[in-house]
Amino acid sequence: GEDNKTSEAEKQREFRQTVTINGREYDDDNFQAKSPWQRLAIVFAGPIANFILTLAILFVSAVLFGVQSDNVQPRVGPLSPGMPAQRAGLHAGDKILSVNGQDIHNGNQLVGVIHRSLHKPLKLTYLHDGTTGTLTVTPTNCPAPQQKMGCIGFSPVATYERVGLGEAVRATF
């Protein structure tokens, strides 16, 4: 302190009120001096605040960027190493235009054709950096256990759609 005889902490203790609980003295603003319900509220305040913050971030993201729709793009996403799509020469970002001469309009249609074509060669027409190309790829069995469907080793690119405030609230939860 200013008198050089007591510390600052000792000076502060002189001004604080104390509460005696079970024979022990606590500052009145000490956690131990609170009632059990007050301590419980303090303990749960942090996780509840984290939950509310998470909901707020998800809501703002849904409003600003949209939510993932059920419709996916007929675009090549991440490739699985060593799978037929990579070996055939597809690249992430390529757009699939047709399969065996049949135009592809959305990713769900593309995935359905590939899944139904286990061990059957598919002639893919694709667009890569403004250039159209054609290649043949044969779907192999999907790596997922107990599934007998064709896979060529890429994930389609998701589509995000802008939504109103009501749909953003539903998507948040």
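Which strand pairs with S4 in the antiparallel sense over two bridges? I looked it up: strand S5, residues 102-103. I count two strands as paired if DSSP finds at least two bridges between them. Helices (H or I, at least four residues) and strands (E, at least two) are DSSP runs, numbered from the N terminus.

**Ground rules**

I am working on a predicted model, where local features need pLDDT of at least 70, side-chain atom pairs count only at pLDDT 80 or more, and totals for chains, interfaces and linings use all residues. Residues are numbered from 1 along each chain as its sequence is written, and side-chain values use heavy atoms, with hydrogens and water left out.

**Overview**

I find five helices and ten strands in the protein. Of the 173 residues, 25% are buried. Buried means under 20% relative accessible area, exposed over 50%, and partly exposed in between (1.4 Å probe, protein chains only). The protein exposes about 11,800 Å², and carbon and sulfur atoms supply 55% of that area. Areas come from the Shrake-Rupley method with a 1.4 Å probe; for residues, only the protein chains shown count as cover. I also checked contacts, meaning heavy atoms within 4.5 Å. Among those with a separation of 6 or more, 53% join residues 24 or more positions apart.

I started with S4 (95-99). In its pairing with S5, Val-99 has Gln-102 as its bridge partner. The hairpin of S4 and S5 has two residues between the strands. Asn-100 is in that loop. Its phi is positive, about 55°, although Asn-100 is not a glycine. Most residues other than glycine have a negative phi. Asn-100 is partly exposed, with a relative accessible area of 47%.

S4 also pairs with S6, antiparallel, over four bridges. Lys-95 has Leu-127 in S6 as its bridge partner.

S6 (residues 122-128) pairs in turn with S7 (residues 131-137), antiparallel, over seven bridges. Thr-125 is bridged to Thr-134 in S7. This hairpin has two residues between the strands as well. Asp-129 sits in the loop between S6 and S7. Asp-129 has a positive phi of about 50° and is not a glycine. At 70% relative accessibility, Asp-129 is exposed.

**Tyr-126**

Is Tyr-126 buried or exposed? Tyr-126 is buried, because its relative accessible area is 15%. The residue lies in strand S6. Leaving aside neighbours within four places in sequence, I list among its contacts Leu-90, Asp-94, Ile-96 and Leu-97, and also Thr-132, Gly-133 and Leu-135. Lys-95 is another contact. Tyr-126 and Lys-95 are 31 residues apart in sequence, yet 5.4 Å apart in space, C-alpha to C-alpha.

**Asp-94**

Asp-94 is in the loop between helix H3 (84-88) and strand S4. I checked its charge partners. Asp-94 is buried yet has no salt bridge. A salt bridge needs a side-chain nitrogen of Lys or Arg within 4 Å of a carboxyl oxygen of Asp or Glu. The nearest side chain of opposite charge is Arg-75, 7.1 Å away. For charge, Lys and Arg count as positive and Asp and Glu as negative; His and the chain ends are not counted.

What lies 2.8 Å from a polar atom of the Asp-94 side chain? I find the backbone nitrogen of His-91 there. Beyond four places in sequence, Asp-94 touches Pro-74, Arg-75, Val-76, Tyr-126, Leu-127 and His-128.

**Helix H4**

In H4 (residues 107-115), I note Gly-107, Leu-110, Gly-112, Val-113 and Ile-114 as buried. Asn-106 caps the N-terminal end of H4. A side-chain oxygen of Asn-106 lies 2.9 Å from the backbone nitrogen of Asn-108.

How many salt bridges does a search of the whole structure find? I get one. Glu-167 forms a salt bridge with Arg-170, the closest N and O atoms being 3.2 Å apart. Both lie in helix H5 (residues 165-172), three residues apart, about one turn of the helix. An α-helix has 3.6 residues a turn, so residues three or four places apart point the same way. Glu-167 is partly exposed at 33% relative accessibility. Arg-170 is exposed, with a relative accessible area of 57%.

Key:
A polar contact is a pair of N or O atoms within 3.5 Å; within protein, one must be able to donate a hydrogen and the other to accept it, and residues adjacent in sequence count only if both atoms are side-chain atoms.
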